[in-house]
Amino acid sequence: EPHRRLASPTTRQAPREFTDCLVRLLEAQDGESSLQSVLYKVADCWDGPLGSALLELARKQALKPKPFRSLLEALLQHEVSGASELTKGLISTREGLDQEARERRVQAGVALLSHDPADGWSPFWEAAAVDEEFARGVLEGVLHGALSASEILKCLPDNSIADLFMWLEKNYPGAPWSDDGSASWVKPVDSGAEKTVSPGGA
C-alpha cells in the first residue's frame, strides 16, 4: 500500500522527524480504529527509534482506554523491549486510579492475555484474585476479540483451570459450557438481558 511504501524510506532518511510526527499523530487519535489505521501504515518501520518512542507514549498513559490497548498490542506484537514489563506493571497497579485509569488497566489486561495467554495468565490471575471487576472486564474483553476460551484453557496448567472454573461458577453462576469443556461467559447488556459470550467470542 502507498502509505506503507512511503513510510519505510521516510523513517530511514529522517527517523527522528518521522517518529516525532507519528507520536503527535497518535496522541491526537481519539478512536480505536483510527489509531489502528495509523499503526498499520507504519507496520514495517518498527526497527530503530520508533518502538522506543511508542513505548514512551504508552508509559504516559495519555490515550483513551481502547486506543491505549491497541498501542500496547502493537508494542507486544513487535516485541519492543520493555513492553511486556510495562503491561504487566499496569495490571498489577490497583490503588489510586480514576475511572479512565481503571479502564486502561482492564485494556492492558486484554492486550496481555490476547497476545500470549501462557505468559500473561499468572500476572492477570494475581490481579484478578483481588479485583473481580477487573477480572470480568478482561475476560469479557478477550473473548469478544479473536481469542477463544479453549485457546486460553489449553495454555493453562490443570490447577489454574480448576481455579478458573471455581471463579466462573462464583461470578457467572449457571453459565453454559461448550462441548469441548470450555466456558461460555454471560455478560449483562444495557437492556438488562444477558448475552452469552461463546468460546469463539461470538
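Which residues form one aromatic cluster? They are W121, F124, W125, F134, W167 and Y172, and the legends below walk through them and their surroundings. This is a predicted model, in which local features need pLDDT of at least 70, side-chain atom pairs count only at pLDDT 80 or more, and totals for chains, interfaces and linings use all residues. Residues are numbered from 1 along each chain as its sequence is written, and side-chain values use heavy atoms, with hydrogens and water left out.

**View 1. The whole chain, read from end to end.**
The protein chain holds 11 helices and 2 strands; these are DSSP runs numbered from the N terminus, with helices being H or I of at least four residues and strands being E of at least two. Along the sequence the pattern is α-α-α-α-α-α-α-α-α-α-α-β-β. Of the 202 residues, 44% are buried, where buried means under 20% relative accessible area, exposed means over 50%, and partly exposed lies in between (1.4 Å probe, protein chains only). Taking contacts between residues at least 6 apart in sequence, 61% join residues at least 24 apart; a contact means heavy atoms within 4.5 Å.

**View 2. The aromatic pair F124 and F134.**
The structure has 6 aromatic pairs. Rings of Phe, Tyr and Trp (its six-membered ring) pair if their centres lie within 6.5 Å, and planes under 30 degrees apart count as stacked, over 60 as edge-to-face and the rest as tilted. F124 and F134 make a tilted pair, with 6.0 Å centre to centre and 40° between the planes. F124 belongs to helix α8 (residues 117-128) and F134 to helix α9 (residues 132-143), so the pair ties together parts that are 10 residues apart in sequence. F124 is buried at a relative accessible area of 1%, and F134 is buried too, at 2%. Leaving aside neighbours within four places in sequence, F124 is in contact with I91, L113, F134, A135, V138 and L139.

**View 3. Two arginines over aromatic rings.**
A charge sits over a ring if NZ of Lys or CZ of Arg is within 6 Å of the ring centre and within 35 degrees of the ring normal. The charged end of R105 sits over the ring of F134, 4.1 Å from its centre. R136 places its charged end over the ring of Y172, 4.5 Å from the centre of that ring.

**View 4. R105 and its helix, α7.**
Is R105 buried or exposed? R105 counts as buried, at 6% relative accessibility, and lies in helix α7 (residues 99-115). Not counting residues up to four places away in sequence, R105 touches L90, I91, T93, R94, L97, A127, D131 and F134. Helix α7 has 17 residues and reaches 24 Å from its first C-alpha to its last, close to the 24 Å expected at 1.5 Å a residue; the expected span is 1.5 Å times one less than the number of residues. Among the buried residues of α7 are R104, R105 and Q107. What covers the buried residues of α7 includes α5, α6, α8 and α9.

**View 5. Helix α4 and its buried face.**
The buried residues of α4 are L50, G51, L54, L55, L57 and A58. Seen down the axis of α4, they fall within an arc of 155°, so they line one face of the helix; the arc is that of the directions from the helix axis to the C-beta atoms. These buried residues pack against α2, α3 (32-41), α5 (65-77) and α6 (83-92). On the α2 side, T19 lies in α2 (residues 15-27) and touches P49, L50 and A53, not counting residues up to four places away in sequence. T19 counts as buried, at 5% relative accessibility.

**View 6. Two loop residues with positive phi.**
Q61 has a positive phi of about 55° although it is not a glycine, and lies in the loop between α4 and α5. Q61 counts as partly exposed, at 29% relative accessibility. E79 also has a positive phi of about 55° without being a glycine. This residue lies in the loop between α5 and α6 and is exposed, with a relative accessible area of 70%.
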